[in-house]
Every structure is written in structure tokens, then in C-alpha cells.
Amino acid sequence: MTGACYWLWLSFVLGPGAPHCRRLLDVYGSAREVFEAVGKEDLSGLLTPAQCERLSTDPAVFAPMEARCAALGAQVLTMAGPDYPSRLKGIPDAPPALFATGDLSALNAGHTVGMIGSRRPSAYGVEAAAGIGKELAEAGVCLVSGLADGLDSEAHKAAVAAGAPTIGVLGTAIDQTYPASNRRLRAEMEQTGAVVSEFFPGETARRSNFLLRNRLIAALSDAVCVVEAREKSGTMNTVRHAERYGRAVWAVPGGIFSEVCAGTNRLLAEGRARMATGGGALLEALGLEGQRAKPAAPAPKAPPLSPGAKAMLGRLSQTPRPLEALAAEAGLDAGSALAALLELEVAGKAVGCAGGLFRRK
């Protein structure tokens, strides 16, 4: 039986969210020492009744877990191992063991920023996340997020595009990707970054698990940048964890009439967050103001637009509009209009928005 079995046993004993982990390890130095104290000492002052009931489980039952993880291409990281994230070790509810895939060096990157926000962002939020994420990633910052729809995905995409490390923290087991549409993005992330989960392989996903994982996004980050958030949301739950752990919080200001910006605007109004209008201030706070990427060499001249693309470009504005209306105004059928819009997106002159809408970039 390997030492990892004891840490997996301790994860099982503590249960979801690993409450009381730090205070238990402050008394007993390791998972094995906790196990050796079972039956000899009274641990009821350190653990809940439910946790105490699980102490009698034999750590040997977790021996097959390492082989299962290996078959999945995942690794078991324990607090005693070199790849376990050092930023997690000081928090009171650190998971004794993590499951991880990808490049594990990202977990102890020199500078990390959590980029979080709505799963249903506005076009403004998508653009802000992409722009700030690009600045940070190109300066070598490792972006941390939850691999969810919306702004989480935008943060990870910015890192992938820059060839920079990124960390995705799952609210599911390591052998699942939620949403499934992010499987390709996850595979791209794993080339230079890592994906982690505290939930055992095969464990059924629960809604509460996503709130538990939010504390790890906050803890893995030197600072957290909130792009868009409603006042009552999982994003604001992550902010509360960041405040609990003493992490700096930044927020992107938004429109006063936008519900999706109500949470970020309140953070700024209450002085709980510093204003992020770009990546520069964040880089300065991290001591990386001189690390911005050098301007790229001039791009080769783009080929001329097709007549259809020119017609569609003349109908686009900053206000997102549906394909059907744009096609009718340009005198094009739906297929030709869509091809023209895709041409404009590739040329950097149009942006596809949620709900099948398009606007000028």
C-alpha cells in the first residue's frame, strides 16, 4: 500500500470540501499519522460526527485508485508530493489529494490570476475577458478558471492562444468534462496547463460540487479578476472565498442597466474590488509591468473582401443583430450571408455573439 492511499483515505474521511483539514494536520503531521491515531486517541474534537464514522475505513480500499487514474491518464497529487499546488497548503479546507491531467508544472506557476464571470455573458463581457486574458497570458501569467461555459472558457482560450499555462478546476470528477462541448478546449489546455479535481473518478456530479470547487479557483490564484457577475451567482461565491483567503479582487466595470454587471459594479461601489479596465494594472500589481508582450510584426496584407462580405460589412454596427435581418438588408440568402459573416470574422471585422447575433468589431 502506497502513501497516497492514506491521503485518499483522509479525503474520504473529510468528505466534500475537506472541512477541518488544516486543523487536523496541524495536530497530526500527515494522513498516515491521523490514521495511526484512530482507536488510540479521541478525534471528536477535530472532526464532525459524520467524519468520525468514516475513520474506520481501511486505507487499503483506495489502492486500486492509483491504477484507475493511470488508466485514465490522470495522476494523484497528495499534500506530501512535489506537484501538489503550494498555494493550497495554507488554506483551512485544502483537499488532501487532487486528481490532475496535463502539465502539472502549471499548478505551481510563478504568477496566477483567476478569471471568472457569467456563464451567459454579454458581448462586452466576452470582449473584456478575451482582451484582459490575452494581456495577462502573453505576460506569462497562468490563468485559473472553472472550464465552464461563458467567461471561464474565454479565459482558458486566451491562455491557449498565447501558448501560456492555464488551470481548469472541475466541479466534476477528473474523468468527466462539463460541459461536454469543452472537451476539445480541455485537450488544448492540457498541452501547456493542467486540469484538476478533488472529486474521485466515477463520482456522480452534484450541483453543490461546483460551489465547493470555487474555493480552489480562489485559492490557486494570487488575484481574482471578475469580468461580469450577477449579484447572486456562483461567481460571487468565488469572490467570497478569495476574500476569505486574502486574495486581491479586481472587477471590470459594466453598464449600470445590465443585470449581468450588477455584481461587479457592487464590488467596486463597496470598495471590495479594484477596477480592472485592462490587464496593465493587474500586471503592475503582480510586479510584471515590464513583461508585456512585444508588439507583433506587421501582419501580411489581408486579401480583399468578397462582394458579399463588403455588403454585409456595410450593414453591421456595434449593436448585435440577427443573421436574417442582416441578410435581408444586404440582399443575400441565408447561406451566402453566413459565409460572408464568417469571412468578416476571420478578417477581424465582425464578431459572432450569443443567440446567433453579429456585430461590427
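Select His 20 in the loop between α1 and α2; helices here are DSSP runs of H or I with at least four residues, strands are runs of E with at least two, and both are numbered from the N terminus. His 20 is not a glycine, yet its phi is positive, about 75°. His 20 is partly exposed, with a relative accessible area of 25%; buried means under 20% relative accessible area, exposed means over 50%, and partly exposed is in between, with a 1.4 Å probe and protein chains only. The model is predicted: local features need pLDDT of at least 70 and side-chain atom pairs count only at pLDDT 80 or more, whereas totals for chains, interfaces and linings use all residues. Residues are numbered from 1 along each chain as its sequence is written, and side-chain values use heavy atoms, with hydrogens and water left out.

Stay in this loop and select Ala 18, which is also found between α1 and α2 (21-27). Phi of Ala 18 is near 45°, a positive value in a residue other than glycine. Ala 18 is buried, with a relative accessible area of 2%. Most residues other than glycine have a negative phi, and most peptide bonds are trans.

For a peptide bond that is cis, go to Tyr 178 and Pro 179, where omega is about 0°. Pro 179 is found in the loop between β5 (166-169) and α8 (183-189).

Zoom out to the whole protein. There are 15 helices and twelve strands. The C-alpha atoms fill a box of roughly 80 × 45 × 35 Å along the principal axes. Of the 361 residues, 49% are buried. Among contacts (heavy atoms within 4.5 Å) with a separation of 6 or more, 70% are between residues 24 or more positions apart.

Next, the aromatic rings. A pair of aromatic rings is described by the distance of the centres and the angle of the planes. Rings of Phe, Tyr and Trp (its six-membered ring) pair if their centres lie within 6.5 Å; planes under 30 degrees apart are stacked, those over 60 are edge-to-face, and the rest are tilted. The count by this rule is six aromatic pairs. Select Trp 9 and Phe 35, an edge-to-face pair with 5.4 Å centre to centre and 85° between the planes. Trp 9 lies in helix α1 (residues 3-14) and Phe 35 in helix α3 (residues 31-37), so this pair ties together parts that are 26 residues apart in sequence. Trp 9 is buried, at a relative accessible area of 0%, whereas Phe 35 is partly exposed, at 28%.

Now select Phe 99 and Phe 200: the ring centres are 5.4 Å apart and the planes are at 70°, so the pair is edge-to-face. Phe 99 is in strand β2 (residues 97-102) and Phe 200 in the loop between β6 (194-197) and α9 (207-219), a link between distant parts of the chain that are 101 residues apart. Both Phe 99 and Phe 200 are buried.

Not counting residues up to four places away in sequence, Ile 167 touches residues including Leu 107, Cys 142, Val 144, His 156, Met 189 and Leu 220. On the α6 side, the residues in contact include Gly 125, Ala 129 and Gly 133, and on the α7 side they include Leu 151, Ala 158 and Ala 162.

Finish at Gly 263 in helix α11 (residues 262-269). Gly 263 is buried, with a relative accessible area of 0%. Not counting residues up to four places away in sequence, Gly 263 touches Ala 229, Arg 230, Glu 231 and Met 236. Select Ala 251 as well: the C-alpha atoms of Gly 263 and Ala 251 are separated by 9.2 Å, and the two residues are twelve apart along the chain.
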